[in-house]
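Me: I am new to this structure. Please show me how to read some of its features.

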Amino acid sequence: MAGVLLHALFEVNQSPATATPFRVATHLLLAAVALVAVRGYVRCARTRTGRSRAGYTFAAATSLLWAVSEVIRTSSESVVPTSSAAVGAALLSLMAVICAIVGFGMAFPSFADTAVRLRRTIDGLMIFFALLLLGWYTVLGPTFRATVSRGGEAGQAILVLAAVALLCITMALALLVLSRTVSAGINQVSLLAGSMLVYAAVGIGYGSNLAFGRDWWELGVGGGHLLAGLLSAMASHMRPPVSSSIEDQQSSPRALWFPNVPVLIAFGIAAIQQATEGTMGPVIPWLVLGVAVLVLVRQFLNTQTNQALLRQISYQANHDMLTGLGNRALFTTRTNQAAAMADEHSGVAVILLDLDGFKGVNDTYGHAAGDELLRTAAERIQVSVREEDTVARLGGDEFVIMLSGLSTVEHAVRVAERTIDDLRQPLVIADTAMTIRSSAGVTISHGGGDDVDSLLHQADLALYQAKADGKGVVRRYHPALHHANVPVRPGMRRDDAGTILQAGA
């Protein structure tokens, strides 16, 4: 609203008596707003460290250069305008743009993930080339031709285009920042990005006005300058974020489609020009090709990212996050597959292990020590079996091993005994020497007659027989255990004949 009002004032204050004083006052107002922003960013920089502090420092430098350039421009609006003042103001504005670009670079966190850095770079390049494509059709092309037609040298025109390219880089970075913060609402980062987006846009309009011989403030440029300054000043006096909020919004749907908006608009304009004029000229096809290549690269990266995410989800669904072993779901799937291929000469064995006295470790030394004990036990169990065997954690301190291709249960008993011996090796947890003691129950199935639940039930009976026999030993399953005086664990019950059954059976 402030920018619109200022532009309206420009339009109505053009009498010889009022035009020059009003424009001088306007430049001084813009300088004052920029100095307010400098003060705010300096205060923010003092409270930050590292990249964040550097970003605020460059933001302060950008506003300071902007303020000085506006003060210098007052001489170009005075009674005796000087060309050197106009050139100096333009150079300071260009330096402000460069500082803004560096500051935006500092606004992004330093990503350790190469794939994330590459995706952000591709997004920025997509937006940049799309803006160049839009700008060439709407402003840059006409400006270049107007500069040459008004007697300007080709080198001067190229310099103008280079300055506009820097402004397009600023706009691309601003849009990229907005795409990462749009879900967080209005905050310091989004306001600063909006300020630089407006400033870059009016900078392009400023160059276009000069090329076409218009007053610099026309086409909304005057009001845009004040709007950009006000947004920057507001941002400088907001509370700095505790941490970077840019990448926090990476899961937002807006962040996914935001970079594609300028691309779609640019392609639409190129198509309109081709349809209306029958040609896109010498520059636009190359810009279209560059954007198209970047879109394809970005889609490839998105596909790779999605595949990695699916692999991660699959891993989490089938593994225990504490120990890295398989969970019950993975154990069930692999045991069913092995049982389906078993025959009379190649059986499937299940070893159920339980750590003796684990609750006492948790109660005495804390859950952190208990977790460390479980991780150590998982590592020792894993190295005690073959690579093709499956080790899983069912929950708590209960582990299970599935061995395939065994002819006798004695082989599985030997594996269980070796595993118990490996677990018994001393270790230090919470500055305390400990020994992991465990008990194991073993069962085997031939010919695929038993499912996973049955095998686990049989191994469970054998495990409780091992605990009843003094712990620290291995016991194999035999049918008589159904009627033996084995303690009934939670989730099991005895029927009327004394047979131990699973709950619900």
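Helix 12 and its faces

Reply: Exposed residues Ala 340 and Met 341 sit on the face of helix 12 that is turned away from its buried side. Buried means under 20% relative accessible area, exposed over 50%, partly exposed in between (1.4 Å probe, protein chains only). Helices (H or I, at least four residues) and strands (E, at least two) are DSSP runs, numbered from the N terminus. This is a predicted model, where local features need pLDDT of at least 70, side-chain atom pairs count only at pLDDT 80 or more, and totals for chains, interfaces and linings use all residues. Residues are numbered from 1 along each chain as its sequence is written, and side-chain values use heavy atoms, with hydrogens and water left out.

Me: Which residues of helix 12 are buried?

Reply: Leu 330, Phe 331, Thr 335, Ala 338 and Ala 339 are the buried residues of helix 12. Seen down the helix axis, they fall within an arc of 155° (the arc of the directions from the axis to the C-beta atoms), so they line one face of helix 12.

Me: What do the buried residues of helix 14 pack against?

Reply: Contact means heavy atoms within 4.5 Å. The buried residues of helix 14 pack against elements including strand 1 (347-356), helix 13 (358-365) and helix 15 (409-423).

Me: How many disulfides are there?

Reply: A disulfide is a covalent bond between the sulfur atoms of two cysteines. Here the rule is a pair of cysteine sulfur atoms within 2.5 Å, and the count comes to zero. Cys 44 counts as buried because its relative accessibility is 4%; Cys 99, at 15%, also counts as buried.
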